[in-house]
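Reader: I have the sequence and the model open side by side. Please take me through the arrangement of the chains, the helix packing and the backbone.

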There are 2 protein chains.
Amino acid sequence: MSEVVFQPVGKRTSAAPGDTLLDVAQAAGVGLSAVCGGAGVCTDCRVRVLHGPVSAANAVEQDALADTDLHAGLRLACQTVIEGDGEIVVDVPPDSLSAPQRSQVEGEEIPLTVAPVIQVSDVIGLPPSVDDLRGDWERMQGITPSDWQVTAPVLADLPGVLRGHGWRARMVTRGQDVVRFLAPKAVPLGFAVDVGTTGLASYLVDLINGETLGIAGATNPQIAYGEDVMARLTLVMRDPKGASRLQTAIVAGLNDLLHEVCAQAGVTASGVLDVVAVGNTAMHHLLLGLPVDQLGSAPYVPAVASALSTPARELGLDVAPGARLYLPPNVAGFVGADHISMLLATATPDQLGVTLSLDIGTNTEVTLNADGRLWCCSTASGPAFEGAHIRDGMRAADGAIERLIWRDGELRWQTINHAPPVGLCGSGILDAVAVLREANILTITGAMQRGHPGVQGENHDIHYEIAPADRTGHGRPVVISRADVNEVQLAKAAIRAGIKLLVEQAGLAETDIDRVIVAGAFGNYINIENAITIGMFPPLPPERFQQVGNAAGIGAKRLLINAEERARAGDLVRRLHYIELTNHPAFADRFSQAVMLTPDPWDE
Amino acid sequence: MSEVVFQPVGKRTSAAPGDTLLDVAQAAGVGLSAVCGGAGVCTDCRVRVLHGPVSAANAVEQDALADTDLHAGLRLACQTVIEGDGEIVVDVPPDSLSAPQRSQVEGEEIPLTVAPVIQVSDVIGLPPSVDDLRGDWERMQGITPSDWQVTAPVLADLPGVLRGHGWRARMVTRGQDVVRFLAPKAVPLGFAVDVGTTGLASYLVDLINGETLGIAGATNPQIAYGEDVMARLTLVMRDPKGASRLQTAIVAGLNDLLHEVCAQAGVTASGVLDVVAVGNTAMHHLLLGLPVDQLGSAPYVPAVASALSTPARELGLDVAPGARLYLPPNVAGFVGADHISMLLATATPDQLGVTLSLDIGTNTEVTLNADGRLWCCSTASGPAFEGAHIRDGMRAADGAIERLIWRDGELRWQTINHAPPVGLCGSGILDAVAVLREANILTITGAMQRGHPGVQGENHDIHYEIAPADRTGHGRPVVISRADVNEVQLAKAAIRAGIKLLVEQAGLAETDIDRVIVAGAFGNYINIENAITIGMFPPLPPERFQQVGNAAGIGAKRLLINAEERARAGDLVRRLHYIELTNHPAFADRFSQAVMLTPDPWDE
């Protein structure tokens, strides 16, 4: 028997000679992608064998993989066979992982010095006696109480810490504010969160060494009150209790994540001394309890755009009493701090040449860095890629079809965790439209070819059956309807029109773009070529695209770890030129062209 | 018919010729004192008639009042008869009022410049447009957002204020912190509170002109958890939930007062932008939720002695989100910020010669200013003068006997609001002991003379009947027992021993004291001569005593109105020499002498 270790997910399992690495991975619950079912066609299951007894690259691999990939040691797990005993260590690139597992693995981060806004000092108190009746705060050596701002809840810890640890304590400060008294050697913690309209992603960070101690994600609980930003703003504007309901919901959601990451690290939430949250302007306002009437109606202005540092417990977060919540600046009503965070994490403002950065979500923010000049916009791409408003749409969960290919005259699919299919998640929806378009089952306008064997129903009900009822997990077929295709067209048209307008603003053509950085959970899972096929992205060579995952969340972590990053956020906002699309004279025109299912809709 | 106006209580009533002013006052509910029942003997009902048709001073008045009083226009209300029609305006000095009404009238206050810690600026915002999509906070003219610290709950008011008032607002700041955005011309308010172990006194103040807009008092709701400081500290040390129970109770009590004073002024509590609270060290810690283990056990040190400024809403006070609660410094475990506040209000540290300042309560704090050198101590006088641990003791409420005299061989009493007697409040208890001592019904050791007609019962039950059952409000006699006398002896001995030790510390004799400032609710109501008779105070000429009422509360108001006063509080604490009595070698000796019921116990 061999032992196979999958890195960096950290799964270890035993395996027998003759098994393929794909067999072993699937048995061990490592979500390796393999839409072709192990035929060596899709090349999704690429891995790197670091050492151990496995077969040499076979003819299928030499055919399927580029020479550069082969030289880099990449293998197809479906073709790599275990050949003997001993440990086999396999590195699984994030791209080869199925959606839910991929989010557990972070993208590559740009290195950053650990220099948070909090400072740590180790202090000593003199024990009291009948001759020294000073207060505990007054008996700290080398500390002049009047030099510090300290609140009652922060002071409340001091007597216990001093008496419990031989009159020693760790004093955590932020400027002249005392944030907390910790036990000696206790680790000061930070919590960073990306508050998406649909999803939340959070990180627990050691503020001494910058290490990530816990990661957790969840659905934004506000989704119960409206799937998109406008639905939630409308609720708040109509219902006097709406604002407090939505605030209560998001704070509860963040507290759940906070306790989850703390449990992962075996610490308590009260050790969290600094918090960073990034989100679009609406999520920012709803979290902070700021009014949204002026944000939800023309001309759509925020209550505040500057960076904020506000007491975290006052909002209901279960962190230390002295902790503050930092929120980077907003650019405009619909370009929020999450986009700033993403741009910082990807170093977009520092790129040479022409860089396009997109954060795809219910709203998609787009920034163009054209030789140092920065333009940005926000475009209402809607929740179709989150699975909403799609007949068999669903979130990325077991049984969601996440990848589709057309092979040997039929549609093949891969589901999350290889469960029987029950619906389509965002990347599957995009693949379905692209594949059906390439197979000419969809026309350029999105119409379905009647008479094709897979096309069923009539008129409003016309749809293509992706998985028949006898092969699904719930006994009903999984289909994509004409209406679903339309939703995808509207979503992708909004994104493409936004890209086009920014490029025009810079006096460039789409082909001038040197680099496309695609961020966001959905953006991380999609097949870029399919996105080009349907006209969501400009038809650029695939190597110009970089899928960076939750860059907004990574950026939030950076704002936690390094105070200078906060200054950079302010500088970036001043450099960005915001283009409001809602009243842009050319937007409607570009949008109506961009609904066409073709890589280059501008010539049609 | 005449119309009589009583000032400054502000009562207006109609009256007929032939009525005395005392008749009119009692009918109108003005609580004029008159223990002798209108015989012109007690001289309690002194008033000043400012104008109107009344009789000239009669022989009784010329006999009863000093020449200086007669020249100053003082009259006895019981002897002053209405003689015709027209308005009569009568000024009622605080000393002539019955206890509950007296607390409504403030003592004379030392003038103070209005210079609070908050600043007010009137600001203008530019309305947004499609060409100006800045946030509301960024569109304020002449304000650079990065110059200010502003929290989310404070910013939440801005959009509504700007849009509701033609893009104008009043910005209230404290240093670089924004405290609140108010409507233009709105009055910034402050709330000052004296947190006594037994009673709470509170003031609502206009922070523009320093005027008092509302006054309210209440019992400290923590009393349900223990009548004295030690009982409450013990509860917290034993019961893990004790601290939060006591904190919840006091915060609820303060919120009730806050809403009461705001209702008096027709304003809402969210307009309160600064709060000052003074209390003894235990009340200070219990309000702030600070641990008390180290305060309740030797060597009795506070968690913090320095002045604190802590967010008020974080503690649960219903004030503006940006408001802070300021608490002046504590001197020691049992000399709290309330005493500092009282000393400031009475200008004790600035007096020439020898000044003794006392704040009588469940704990009595004593400060001696001997030619600029300041000593202080705290002495456990107990709750006897609050009516607790006294058989027929009660708080100052309707039917409480508040004053007693011996006249024509019998005891005469006056009750609050002239209701039938139901018990004795603090001043009545003190009077009872003094009067019975002067009538030799009590011996110098506090024993009751058996055989005297009023003395009834045996052994443990021996008592003097003050009011027989057929004259009381509840059909039972009102009595003072030997045990009650003993409680008074312990209480007054603690105070007197404290005074004596401070005087000795200064190398002086009690007779060197030039001035005695007596503060506190109880201290304001007592008969000084009776207090001397029982040996609570040194036998000094009555004119050296000054009863100043709730000086701690007045001091709290001063700390609200003028930021410099806060600096003076810090200076004062540094000047004060604290004498710990619990382990003082001479205290037990002085205390045991001071229990004697005589003005000068030191020679006995």
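Reader: In the predicted model, with which hand does α13(B) pass α18(B)?

Author: The model is a predicted one. In chain B, helix α13 covers residues 482-505 and helix α18 covers residues 587-594. Where α13(B) passes α18(B), the crossing is right-handed.

Reader: Are α13(B) and α18(B) parallel, perpendicular or oblique to each other?

Author: Two packed helices are described by the angle between their axes and the distance between the axes. For α13 and α18 of chain B, the axes come within 8 Å and cross at roughly 130°. Angles from 65 to 115 degrees count as roughly perpendicular and those over 145 as roughly antiparallel. The helices α13(B) and α18(B) are therefore oblique.

Reader: How are α11(A) and α17(A) oriented to each other?

Author: In chain A, helix α11 spans residues 337-345 and helix α17 spans residues 563-575. Their axes are 10 Å apart, and the packing angle is about 110°. The range that counts as roughly perpendicular is 65 to 115 degrees. α11(A) and α17(A) are therefore roughly perpendicular.

Reader: Which residues of α11(A) make the contact with α17(A)?

Author: α11(A) passes α17(A) in a right-handed crossing. From α17(A), the contact takes E565(A), R568(A), A569(A), L572(A) and V573(A). By class the contact has six nonpolar, no polar and two charged residues. The α11(A) side consists of I340(A), L343(A) and L344(A).

Reader: And in chain B, at what angle do α11 and α17 pack?

Author: The crossing of α11(B) and α17(B) is right-handed. I340(B), L343(B) and L344(B) of α11(B) face E565(B), R568(B), A569(B), L572(B) and V573(B) of α17(B) in this contact. The two helices of chain B are therefore roughly perpendicular, with their axes 10 Å apart and an angle of about 110°.

Reader: Which kind of axis relates the two copies?

Author: Chain A is superposed on chain B by a rotation of 179°, with 0.0 Å of shift along the axis and an RMSD of 0.2 Å. The two copies are thus related as by a two-fold rotation axis.

Reader: Which residue of chain A has the C-alpha nearest the axis?

Author: The question concerns the axis of the rotation that superposes chain A on chain B. In chain A, the nearest C-alpha is 3.4 Å from that axis, and its residue is E314(A).

Reader: How many residues of the side of chain A that touches chain B are nonpolar?

Author: 41 residues of chain A are in contact with 41 residues of chain B. α5 (152-155), α6 (158-164), α10 (293-296) and β13 (308-311) of chain A each supply at least two residues of this side. By class, eleven of its residues are polar, six are charged, and the nonpolar number 24.

Reader: What separation is there between the centres of domain 2 and domain 3 of chain A?

Author: The domain assignment places domain 2 of chain A at 119-182, and domain 3 at 351-383 + 488-603. Taken over C-alpha atoms, the centres of domain 2 and domain 3 of chain A are separated by 50 Å.

Reader: Where does P299(A) lie, given its cis peptide bond?

Author: Most residues other than glycine have a negative phi, and most peptide bonds are trans. The bond from A298(A) to P299(A) is cis, with omega near 0°. A cis peptide bond also joins A298(B) and P299(B). P299(A) lies in the loop between α10 and β13 of chain A.

Reader: What is the phi of N417(B) near?

Author: N417(B) is placed in the loop between β19 (410-415) and β20 (423-424) of chain B. Its phi has a positive value, in a residue other than glycine, and is near 60°.

Conventions: Residues numbered from 1 in each chain as written. Chains lettered and ligands numbered in written order. Predicted model: local features only at pLDDT ≥ 70, side-chain atom pairs only at ≥ 80, totals over all residues. Least-squares fit on C-alpha atoms with pLDDT ≥ 70 in both. Axes fitted to C-alpha atoms, helices over the stretch in contact; angles between N-to-C directions. Helix = DSSP H or I, 4+ residues; strand = E, 2+ residues; numbered from the N terminus. Parallel < 35°, antiparallel > 145°, perpendicular 65-115°, else oblique. Left-handed = near helix turned anticlockwise from the far one by under 90°. Contact = placed C-beta atoms within 7 Å. Nonpolar A, V, L, I, M, F, W, Y, C, P; charged D, E, K, R; others polar. Domains from an automatic or database assignment.
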